[in-house]
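User: Hello! I would like to learn how to read aromatic ring pairs in a structure. Could you walk me through them?

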Amino acid sequence: MFKQPILIYSEYCHHSKNFLQTIMKYPVFYDSIIRLNIDVDPKTKKRPIIFAEIQKALNTSIKRVPTIITTNGENVLSDVNCFKWLNHQIQ
């Protein structure tokens, strides 16, 4: 499940939008990250099922976005740590 980094984000979050705009500047990097929008579906009123599956697999509750799950699920980084990881990756 964690063969690539996974970005968990929300379209309603300013920080998530900034993160996405930054990685879009690096197309190869952008394509290497799985992006998961966790906004509630207006029709079903639920978040994507894969979001619950990821949290269960990691045995953690993700409460902030953006959150990046690194390859192999070794790290779950949110907020400032997510951006620090990003800066390290693009340098």
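This is a predicted model: local features need pLDDT of at least 70, side-chain atom pairs count only at pLDDT 80 or more; totals for chains, interfaces and linings use all residues.

**Reading the aromatic pairs**

User: How is a pair of aromatic rings described?

Analyst: A pair of aromatic rings is described by how far apart the centres are and by the angle of the planes. Here the count comes to 2 aromatic pairs. In one of them, the ring centres of Phe19 and Phe83 are 5.3 Å apart and the planes stand at 75 degrees, so this pair is edge-to-face, the class for angles over 60.

User: Where do Phe19 and Phe83 lie?

Analyst: Phe19 belongs to helix H1 (residues 14-24) and Phe83 to helix H4 (residues 79-90), so the pair ties together parts 64 residues apart in sequence. Phe19, at 0% relative accessibility, is buried, whereas Phe83, at 23%, is partly exposed.

User: And what kind of pair do Phe29 and Trp85 form?

Analyst: Their centres are 5.9 Å apart and their planes meet at 35 degrees, so Phe29 and Trp85 make a tilted pair. This pair also links distant parts of the chain: Phe29 is in helix H2 (residues 27-32) and Trp85 in helix H4, 56 residues apart.

User: Which residue lies over the face of Tyr30?

Analyst: That is Arg35, placed 3.8 Å from the ring centre of Tyr30.

Methods: Residues are numbered from 1 along each chain as its sequence is written. Side-chain values use heavy atoms; hydrogens and water are left out. Rings of Phe, Tyr and Trp (its six-membered ring) pair if their centres lie within 6.5 Å; planes under 30 degrees apart count as stacked, over 60 as edge-to-face and the rest as tilted. Helices (H or I, at least four residues) and strands (E, at least two) are DSSP runs, numbered from the N terminus. Buried means under 20% relative accessible area, exposed over 50%, partly exposed in between (1.4 Å probe, protein chains only). A charge sits over a ring if NZ of Lys or CZ of Arg is within 6 Å of the ring centre and within 35 degrees of the ring normal.
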